[in-house]
Amino acid sequence: MAGLTLSLLATAAPVSVLAKTIVPQAAATSSPAQGTVAMPIWRDTARTPAERADALVKAMSLEEKLSLVHGLFPPNTKNPPADMIPSAGYVPGVPRLGIPILRESDASLGVANQVEQRKGDVATALPSALSTAAGFDPDLAYAGGAMIGAEARAKTFNVLLAGGMNLTRDAWNGRNFEYYGEDPLLSGKMAAASVRGVQSNNIVATVKHFALNSQETGRMVLDARIDPVALRESDLLAFEIAIADGKPASVMCAYNRINGDYACENKFLLTDVLRGEWNYTGFVMSDWGAVHSTEKAANAGLDQESGQELDSSIFFGKPLADAVAAGRVPAERLDEMVRRILTGVIASGLYDHPTPVSAQPIDYDAHAQVAQKVAEAGIVLLRNEGDILPLAREAKSIVVIGGHADVGVLSGGGSSQVRSVGGVPIEIPLTSGAAASFARVTYHNSSPLQAIKELAPGAQVRFVDGSDPAAAAQAAKEADIAIVFATQWQTEAQDAPSLSLPDGQDALINAVAAANKRTVVVLETGGPVLMPWIQRVPAVVEAWYPGQRGGQAIARVLFGEVDASGRLPISFPVAAAQLPRSKPVLAATGPADNGAGANAAMGDAAKLPTYPVTYQEGADVGYRWYAASKQKPLFPFGYGLSYGRPAFANAGFSGGAAARASVDVRNDGKRPATVVPQLYATVPGTATPRLVGWSRRVLKPGETASLTIDADPRLLARWTAQGWQMPPGDYKLTLATDAEHVIAEKLVHLDGGHWPSGRQSGSIVTATITKSN
Ligand code: BGC
């Protein structure tokens, strides 16, 4: 990539200058060979990042240290530094030591540019992270992360606030689209892959929002209450996996409280678990406006206050200097905060490969291909009665209805908003609510209508906007095929008011389906929606928010140019009543004074009461909740159809030191088949299955394959007073095509094992399991 090439050329200050001017003490240099200038330890790439960071800390003044632990929020910064670019954050560097300016940008789905704060600056928009998760393909998540990282670097950003990975506990959560679904293993693996992709560009990636920021409405004032064991076996497990396997340089703590303490001043989370058990060496940055104290936050383990203008005080500015002077925050703790920030900066490669000083060219065409591939892999075929899909290219007349499918595809809103290459055909500002200042209803310029026309050149293809169900039904009656595009806009800072499609779209679908038996519904939604019309519609496709090549991706799946290959990373309920909570604890439009808390903005929280939300489902999130409560969802986790005809045979299971499943599969169809067999395990003493591994393979017609799936032992363990324990005993292993449909299952004996002191390594399978007798 252009940006990467340049970064290698861009060198920091020459080593000899640094050595002569600022390294007085012998301890901070490696021993020089005879006749050569000593190299400062922090430049010595043979040392560990922590050793190098430590040497830098020793060379820094108090003022320099304090300057690194709080960052600016550019849109609100008075007298901004000349080199500040409008974005989410800016932390000045220490040039004499080669410590770079940290330029922070949101980047979950691409380099963000909310409300076009940088006029005319576009970037490649991936589909929603939920769509990426639906691909069940960590390689694609890596490719997406690598693409975002390359664009960020070329735009001179070097700290990416990417890696959103809260588990979906509530189907209406406004940010489900930014996350990887309801399962800890899938979320952890996908986030890890994306982080590795971002950091392959020698920049910092983040995982966020640590932890339990599970609903948006009232996120500043909610106290997430959960049993600590259940927390470790669910949301924390997802973060543990992402951190161990992805090695993000930074972790962002969340807005909400967890069991009483704010996430950003929660010693249990930030010190006991993150440092003590996971041995995490990078830094914890706060979410923007999530800091409420100086001593408590610093002593609990927060290393950097972000977007300081959004907090009620700049807690890590003068108040921290005063607290250190008075000994209320030990000076060693300040050193540790700085050491962790610098460890992340060095470990990510940023210190040795500084970002370019000015913007570099970007190969947007190549990046668009990444966005399209990810979108195609994530589209889930939910229903296909009578094999109505794929559509024949010879179709005579098609009517496309609704969803602004004539001009583009929907994007989710909030800080992840990318201003995509190709422009914005629709952009509607909000007039009220917590998201109004930074979110607009935005479409990417990728018209499904246009893409359909290109794939069916001989067909008459018409568009009706869907605002009049009777007119849409009439148009459907006159066409061979009707394709209804239904949308649900979701945004950061507020939750969906209901799980039903908004704006009368259910009635529209009913009217069209009654008029034409060959009706296809394409959903562009942030997460699950209710489908009261499902029995009347033969084909349904979930396209999520499909990103800047979404129109092409949808059309190619509809016409079978690529297989329908996505799998649901999230269960779809029949009705909201099936869920652990059937509505948000706080409703933005709710009665009484709920509105105050629901719409609380950054910095307001201290003035408002706290609202508890109890996650009584504990670790039984998503499909495990359905299993525990003996309910059937509309579509289960892991579900998705293919255009091929896969047949599974010869399932086998083995136990002992490690659990493994194997199975043969043959594609009996005439089209490629994508198979995603999943391995679930029910641990002795528990009642619900856990996803412990999966495989993904595309088979040509007639092709056979033998697949094996190894269980990740982190999913087989339970948290006890002695740490993680994999009890010796009989585990039920279930090989399945989704959380409901079993291929084969068997009770298998496992020897068990334990992790007495943390298990931060990704290689725990062989390295740290000790057999119990
Ligand atoms: C969001 C974060 C984001 C930050 C900076 C916050 O409101 O919760 O995800 O990174 O803003 O834009």
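Okay, Asp-387: you'll find that residue in the loop between E10 and E11, where strands, labelled E, are DSSP runs of at least two residues and helices, H or I, are runs of at least four, numbered from the N terminus. Asp-387 isn't a glycine, yet its phi is positive, about 45°. Before I go on, this is a predicted model, so local features need pLDDT of at least 70 and side-chain atom pairs count only at pLDDT 80 or more, while totals for chains, interfaces and linings use all residues. Residues are numbered from 1 along each chain as its sequence is written, and side-chain values use heavy atoms, with hydrogens and water left out.

Ala-211 belongs to the loop that runs between strand E4 (204-210) and strand E5 (222-225).

Now the ligand. Which residues come closest to the ligand? Asp-106, His-209, Tyr-255, Asp-287 and Glu-492, out of 14 surrounding residues, where "surrounding" asks for a heavy atom within 4 Å of the molecule. That shell splits into 6 nonpolar, 2 polar and 6 charged residues. For the classes, Ala, Val, Leu, Ile, Met, Phe, Trp, Tyr, Cys and Pro are nonpolar, Asp, Glu, Lys and Arg are charged, and the others, Gly among them, are polar.

Let's go through some polar contacts, meaning pairs of N or O atoms within 3.5 Å. The side chain of Asp-106 puts an N or O atom 2.4 Å from a ligand oxygen. With Glu-492, the side-chain N or O atom is 2.8 Å from an oxygen of the ligand. For Lys-208, a polar side-chain atom is 2.9 Å from a ligand oxygen. On its own the ligand exposes 310 Å², and the protein buries 95% of that; those accessible areas are Shrake-Rupley with a 1.4 Å probe.

And where does the ligand sit? The space it takes is the second largest pocket, and "sits in" requires more than half of its atoms within 2 Å of the pocket's grid points. A pocket here, on a 1 Å grid over the protein atoms alone, is an open set of points with protein on both sides within 12 Å along at least five of seven lines; a cavity is a set where a 1.4 Å probe fits but cannot get out, and lining residues have an atom within 4 Å of a point. Volumes are the space filled by probe spheres set on the points, which are joined across faces, edges and corners.

So, this second largest pocket holds about 560 Å³. Its lining has 33 residues, with Phe-73, Leu-310, Ser-437, Phe-438 and Met-602 nearest the centre. By class, that's 17 nonpolar, 9 polar and 7 charged.

What's the volume of the largest pocket? About 1100 Å³. Of its 45 lining residues, Gln-488, Trp-489, Pro-497, Pro-502 and Asp-503 are closest to the centre. Strand E14 (440-444), strand E16 (481-487) and helix H17 (505-515) each give at least two residues to that lining, which divides into 20 nonpolar, 21 polar and 4 charged.

Last, the cavities: there are 7 of 30 Å³ or more in the whole structure. The largest cavity is about 130 Å³, and 16 residues line it, with Thr-168, Arg-169, Glu-182, Leu-579 and Gly-622 closest to its centre.

Note on methods: Polar contact = N/O pair within 3.5 Å; in protein donor to acceptor, adjacent residues only side chain to side chain.
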